[in-house]
Amino acid sequence: MNKKLAAALSGGAVLVLALSGCSSDEGDKVGDWAKTFCDQAKPQIQKRADAHQIIISTAADSKPAEIQAADSKAFQDIADADRALAKAVEAAGAPPVENGEKVQQDAIKELNATAVAYEGLKKQVDALDPTNQQKFADGLQGVADGLTKIEKMDQNALSKLEDGELGQAMAKQPGCQKPTASVPPKTSASPKAGSTSDSDSGSSDPNKKPSATPSKKA
């Protein structure tokens with residue numbers, strides 16, 4: 001049931017983590033800005049990675065109440081991290097690149113908007129009834145659909161910061177590198193844990209957890 005959420009979240013979870021490329025030393029000012037931002041962003045990037053791991057480590061055979069709690073916490077953590085990233089962009093000042101002030105303001109606006117959207121998903125998850133598996137599965141499908149839209153917002157939030165020499169400078173900073181999630185993955189005795197597929201939705205097994213995976217292939 002939770003696999004679709006994990007898949008949808010994965011794109012957003014690597015925000016400012018997918019920076020790549022080699023930077024030529026194109027000015028200390030750009031590098032200084034990148035260091036200032038990335039040093040502040042590092043704990044928030046770690047928080048996002050941990051939130052992502054919470055979702056993907058919620059076993060496929062977990063109970064609805066466990067999935068609800070895991071997703072609720074993950075969405076709130078990501079919202080908090082996005083707000084903190086917005087503050088980090090603000091504190092770092094306008095980056096010393098063309099239209100730097102607009103780039104900064106756009107990133108702040110989009111990060112805060114994404115935070116609000118994740119909090120909306122949290123409320124949506126919290127409102128689900130885990131005691132009714134069918135209704136819970138239907139409701140979780142709606143959450144997955146909403147997450148797909150928010151993921152696109154999340155990917156765009158810092159996209160302009162990742163362009164050109166500024167992105168290259170950020171790629172050199174340890175604070176903006178992809179972290180290892182500090183939340184240990186859960187293990188399950190069930191060989192099906194974490195492997196729920198679209199075909200599971202047609203199962204008539206009453207003991208199987210409800211699936212919110214869309215019928216179409218991702």
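Visitor: Is the crossing of helix 3 and helix 5 left-handed or right-handed?

Guide: A crossing is called left-handed if the near helix is turned anticlockwise from the far one by less than a right angle, and right-handed if clockwise; the crossing of helix 3 and helix 5 is left-handed. Please keep in mind that this is a predicted model, in which local features need pLDDT of at least 70 and side-chain atom pairs count only at pLDDT 80 or more, while totals for chains, interfaces and linings use all residues. Residues are numbered from 1 along each chain as its sequence is written, and side-chain values use heavy atoms, with hydrogens and water left out.

Visitor: At what angle do helix 3 and helix 5 pack?

Guide: Helices (H or I, at least four residues) are DSSP runs, numbered from the N terminus, and axes are lines fitted to C-alpha atoms, for helices over the stretch in contact, with angles from 0 to 180 degrees between N-to-C directions. Here helix 3 (residues 64-92) and helix 5 (residues 133-157) pack at about 20°, and their axes are 12 Å apart. The two helices are therefore roughly parallel to each other, a term for angles under 35 degrees.

Visitor: Which residues of helix 3 and helix 5 meet?

Guide: Contact means heavy atoms within 4.5 Å. On the side of helix 3, the residues that meet helix 5 include Ile-67, Phe-75 and Ile-78, and among their partners in helix 5 are Phe-136, Leu-140 and Val-143. The residues of this contact divide into eight nonpolar, two polar and three charged, where Ala, Val, Leu, Ile, Met, Phe, Trp, Tyr, Cys and Pro count as nonpolar, Asp, Glu, Lys and Arg as charged, and the others, Gly among them, as polar.

Visitor: How many salt bridges does the structure hold?

Guide: Side chains of opposite charge can pair when their charged atoms come close. A salt bridge is a side-chain nitrogen of Lys or Arg within 4 Å of a carboxyl oxygen of Asp or Glu, and the structure holds seven. In one of them, Asp-80 pairs with Lys-47, with the closest N and O atoms 3.9 Å apart. Asp-80 lies in helix 3 and Lys-47 in helix 2 (residues 28-56), so the pair ties together parts that are 33 residues apart in sequence.

Visitor: Which residues does the salt bridge of Lys-102 join, and where do they lie?

Guide: Lys-102 forms its salt bridge with Asp-106, at 2.8 Å between the closest N and O atoms, and both residues lie in helix 4, four residues apart, about one turn of the helix.

Definitions and conventions:
Angles under 35 degrees count as roughly parallel, over 145 as roughly antiparallel, 65 to 115 as roughly perpendicular and the rest as oblique.
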